[in-house]
Amino acid sequence: MIPVFFGATFIIFAMVFAIPGDPIRALSGDRPMAPGTVAALRDAYNLNDPLPVQYGKYLVGLTQGDFGQTFNGREVTEIMAERLPVTIKLSLMAFAFESILGILAGILAGLRRGAYLDSLVLVSTTFVVSIPIFVLGFLSQYVLGVELRWFPVAGIQDGLHSYVLPAMVLGSVSLAYIARLLRTSLVENLGSDYVRTATAKGLKRTRVVGRHTLRNSLIPVITFLGVDLGGLMGGAIITEGIFNIPGIGGAVFDATKSQENTVVVGIVTALVLVFMFANLVVDLLYAVLDPRIRYE
Amino acid sequence: MSDIGSGGRPRPDPEERLHPTATSLEEESVEEQGPGITAEARPDPSRVVVAAAAGELPQRQASLWSDAWRQLRKSPLFVISAVLIVIFSVMAVAPQLFTSIDPRFCDLSHSVEPPSAKHWFGYDIQGCDYFARAVYGARISITIGLLVVAVSGTIAIALGSIAGFYGGLFDAVIARFADIVFAIPTVLGGIVLLASLGDRGLFQVSAVLVLLGWPTMMRLMRSTALSIKEMDYVQAARSLGANDLRIMRAHILPNAIAPVLVYGTISVGITISAEAALSFLGVGLQLPAISWGLQISDAETRVLLSPHLLLFPGAFLILVVLSFILMGDALRDALDPKLRR
Amino acid sequence: MDQRRAPDEGRDEPAHLLEVEDLAVEFRTAYGKVYAVNGITYTLDERETLAILGESGSGKSVSAQAIMGILDTPPGFITRGSIRYQGVDLLQVGESERRQVRGQKIAMIFQDALSALNPVFSVGWQIGEMYRVHRGASRVDATKKAIELMERVRIPSARERVGDYPHQFSGGMRQRVMIAMALSLDPDILIADEPTTALDVTVQAQIMELLADLQRETSMGLILITHDLGVVADVADRVAVMYAGKIVETGSIFEIYKNPAHPYTQGLMASIPRLDQKGEKLTPIVGAPPNLMHIPSGCSFHPRCPYARQRCTTDVPPLYEVGDGRRSACPYSQEVMQTGPTRRR
C-alpha cells in the first residue's frame, strides 16, 4: 500500500514537474505570463530546489491539506469541498443504479443461460460497453433531454430528478460489466460439484441457487463494485462535463479545458488517494467474503 | 439365426470364433489407451480386426486452434466483427477508397449543414466535409489502438513471463510497478500525464496509453507463467536440460497466447475508446490531427442542435469498438475449453 | 446354449429396499446421442453392500445419479426403466416427492470432497443444513447435531472444528464430513460414488472401514461405485460388473474374484498386477472401451473378447444364470469359468 501511494503520487508529480521543458509553462498552458509572476510562481512551487526536495515539499503540503491553488489564488481544497456534495450524490445514485440493475440482470441471464433473456442481456451489455461514455452522454442528453424532454438537459436542481440522467450515463458501463461478470460467475458456479451435492441433499432449487451459488458468485462482483469507485471518478469527469454539473469531476473538466493544470493535478491526486483507499477496503472485504483467503 | 451375409456369400458359422489368435495373450504388450483412440495399427491381422470391429477408426488429434477455427467460422459474431474490422482497416489504410473529398478542405459557408445526397454526413462547424473527416479519422484511431496494444502487449508479455517465472525479487519489483500504475484510473492518469505535455501527437498519446495499459496484460501473463511453471511437463523438460528461455518459449508462451490474444483484441477496442475520450477532453490528440474524439469535442457546443455532428463520428466509434470487443468475445468462446459444448 | 436364462426379477421374491429395472439413460449432445446406461437391473436389500464395478465410461456413476434424480437434464434423459424404492417407482412420482426421498432416505457421497463441499460455508453449517431445512431445527440445535455426527464419523476435536471450512481439513477428514452430511437423517440407502479414489491408500482403508461400521450400526443398504477391485474386497457382499452401460455379471464377491463367469470380468481380474507375477508381462484387456455413441452391435464386448464367436456380433446376450445367485451376460460363461481367473497360456 505505502509504496504504491508514493509511487503513484510521484508519477503524477514527476510528469508535471520533472519533464523537460519549463514546468511553469506547463502549468500555465498557453497563457502569457509576466516575468514577475513567473518568478513568484517558481518560488511558490519550489522549482529552484532539486527534484526530490520538490517532491518532499509537495508531499508535506499534501499532508497539510495543501493541494495547490488556482491561478486566481483559490485553494484547490476549497473548490473540492464546495463541489463534493454534488459529486457524492451523483456517484451514489450511479452506484445504486449500476449495482441493483446490474446484479438483477446478471442473475436473470445466469439462471436462464442460453435462453432469450440471456442473449438479450449479453447483446445489450456488449453494446453498452462499446459506447464511449461521452458519446453515450450526448446521445442520452439528446434523446431523453431534448427530444423526449424527460430530463433536464444540463445542470442540476434540487431534488433527485436532475441527477437521474447523468447517474444513468455514469453507471451504464459498469452496469453492463457487472451483469456480465455476475452471469459468468453464476454459470460457472452452477456447474460446480457442490451444487450437485446440495441438490443430492434434497434441497429445493431456489435454496441451492439462492443460498449456495449466489454467495459464491457475488464475490467477484462485490470486489468489482469496490474498485469501481475509481471508474466512477474517471467517468464523472466526462459526465459532469457534458451535463454541466458543478461537481468535482466538473471542476477537473473545466480546469482541463482552461489548462489550469495545478487544479487538475491537485484534484486528480486527491481522487487517486480515494481510489487507493477503496482498493484497500476491497482487499480487506475479500477476506471477509471468501474464507479460503482468510486462512492462508 | 438371421442371414448375416448377403446373397451369394456363404453364411458364416455363428459359432465360429471371431478372434482365433486372441486366446493366447503372449504377444500382448501394454497398449491400453484412453477411450476413443484405437490400438496402434500392427501388421497382426487379428489386431486390425479387433480395432475395426470395435468401431474405432483412427482419429485426427484435434488441436485447440483447429477446433477454435472451426467454431469461429460458424459463429455469426466472429463473421460480423471480422467484416467490420476489415472494412475499417481498409478505411484506415486507404481512405481514398471511401471518399474523394479532401477532409481538410473547409468552406465556412457550409458550416453545420445537415447531411445531403452528396455529403452523407453533412458539414462540421468549420465547413469541412464530415464524412471525409470521419473516414480519415479511422486511420489514427485504429493505428493508435493497434500500436498501443502491440507495444504494451510485448512489454507485458516480457515482464509477465519474467515475474511469473522467476518470482522472487523480479516478481516483487514488477508487481509493485504494476500496482502503482493500477492505482491510477486510466482517464484520470491520462488527463494528468497528457495535460502536462505540450505537444501531443500520435507518439505521445500512444506512449501514455501504453504506460497506463501494460499492467493488466502483464498480470494475465504472469498468472499463466505461474501456473505453467509448476506443471510436471515443465519439470520434465528441465530435467532434460531445457534452459529457461526455451521453457518460456516452448511451454509458457503457447499456453498464454489464447488469453492474451483474447484480452488484446478487446484491449484494442478499449484503447480506441480511451483515446477518443481523452481527445474529447482536450488532452488527447490536437488539431490538425483528425480523430473522432476531436470531431465530437469540436462539435460540443452545437451538438444538441445538430445531432448529426455527434451521430456520425459516434457511430463509427461505436462500430469500431464494438467490432473489436465482439471479436474478442468470439475468440474467447472459441478458445476456452470450458465453454465448449 | 445350455444355460438357463435368469428369471425376471421381482416376481416371487420379497420386496427389496431398492429395485432398479431395465434402467436406460442417454445424453443428447450436439454430436449425437451418448448411450450411457443401456438397461441395467439390480436390487439392494437392507444391510447389503452392493459394489458396482466398472471402468470410466461404463455408466456406473450415471446410473447412480439417475437413482438420486440429480442427472443434468438436459442433456441427460432417462429413456426407460423403473427405480422402485420400497415398492414405489421414483420415476413416476413428482419432483416434490422425489425431493423428500433425496438426501433423507437415499443419500449420496461423491469422489472429491473438496469440490463437493461449498467452500464458503463451514462444515458445521453444511451438515447442520440438513436439520435446519428438513427438520426445522434451530441454528444451535443443528450445530449440536453436526458435532454429534462429526464425532460419529470419527473426526477428532469435532466441537472445535465444527466452524472450520472444508479447505482446512485433510482429504480423509473431508470425506468423513461428506459421510456425516449424508448420514445425518438416517437414510435407508447410501450411494458412495468412488468415495476413496482421491485418497491415499491408508486413508482409503480407514474410510472403507468406517463405511462398513456405519452400515452395521444403521443396517442401511450401501451401494459402492468403484473401478478399484481391491478397495471393495473387504466390504462388499455382492458385485455387479458394468461395461458399456450394461451389467455383464453379478454374484458374490468371492465367486467373482475366484472364478469370473464373464470374459470382461476375467480380463479385469487378469489385469491386476500380482506379486507372484513378478518378472512377467502385464496382461491388459485388448483394445479400448467403446465409444458410447457407437456401441458395438450384439454383445458390446465382442471386439475385445477372446471367446467371441460370430453370433456375438449380432445377438445381444441376456443375463444367464450361471450358478446360485450368479448371473453373467455371456452364452459361453461355462467356458470362461473353466479357463479360470487368469487365462493360462
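I began with terms: helices (H or I, at least four residues) and strands (E, at least two) are DSSP runs, numbered from the N terminus.

**Ground rules.** I noted that this is a predicted model, where local features need pLDDT of at least 70, side-chain atom pairs count only at pLDDT 80 or more, and totals for chains, interfaces and linings use all residues. Residues are numbered from 1 along each chain as its sequence is written, while chains are lettered from A and ligands numbered from 1 in the order in which they are written.

**Chain A.** I read along the sequence and found the pattern α-α-α-α-α-α-α-α-α-α-α-α-α. That is 13 helices and zero strands. I then looked up burial (buried: 20 or more other C-beta atoms within 10 Å of a residue's own, with C-beta atoms placed from the backbone). Buried residues are 41% of the 296 residues in chain A.

**Cores.** I looked for nonpolar cores (sets of buried Ala, Val, Leu, Ile, Met, Phe, Trp, Tyr and Cys residues joined through C-beta atoms within 7 Å). The largest has 153 residues. A:Val252, A:Val264, A:Val268, B:Ile191 and B:Ala277 have the most contacts inside this core. Helix H4 (residues 130-166) of chain B gives the largest share, 18 residues. A second, separate core has 108 residues, including A:Tyr194, C:Ala24, C:Met68 and C:Ile147.

**Helix H11 of chain B.** H11(B) covers residues 308-335, 28 residues in total. I checked its span from first C-alpha to last: 40 Å, close to the 40 Å expected at 1.5 Å a residue (expected span: 1.5 Å times one less than the number of residues). H11(B) is mostly covered, with 23 of its 28 residues buried.

**Strand S9 of chain C.** I turned to S9(C), residues 221-226, where six of six residues are buried. C:Gly221, C:Ile223 and C:Ile225 point one way, and C:Leu222, C:Leu224 and C:Thr226 the other.

Which strands pair with S9(C) in the parallel sense? I used the DSSP rule (at least two bridges between two strands). Strand S4 (residues 49-53) of chain C does, over five bridges. C:Ile52 has C:Ile225 as its bridge partner. Strand S8 (residues 189-193) of chain C also runs parallel to S9(C), joined by five bridges. There, C:Ala192 is partnered by C:Leu224. The chain crosses from S8(C) through helix H8 (residues 201-218) of chain C to S9(C), a right-handed β-α-β crossover (with the strands pointing away from the viewer, the path from the first strand over the helix to the second runs clockwise).

**Open sheet in chain C.** I found four strands in the order S3-S2-S5-S6, with antiparallel pairing. S3 (32-44) and S6 (88-89) are the edge strands, each pairing on one side only.

Key. A residue is buried if 20 or more other C-beta atoms lie within 10 Å of its own, exposed if 12 or fewer, and partly exposed in between; C-beta atoms are placed from the backbone.
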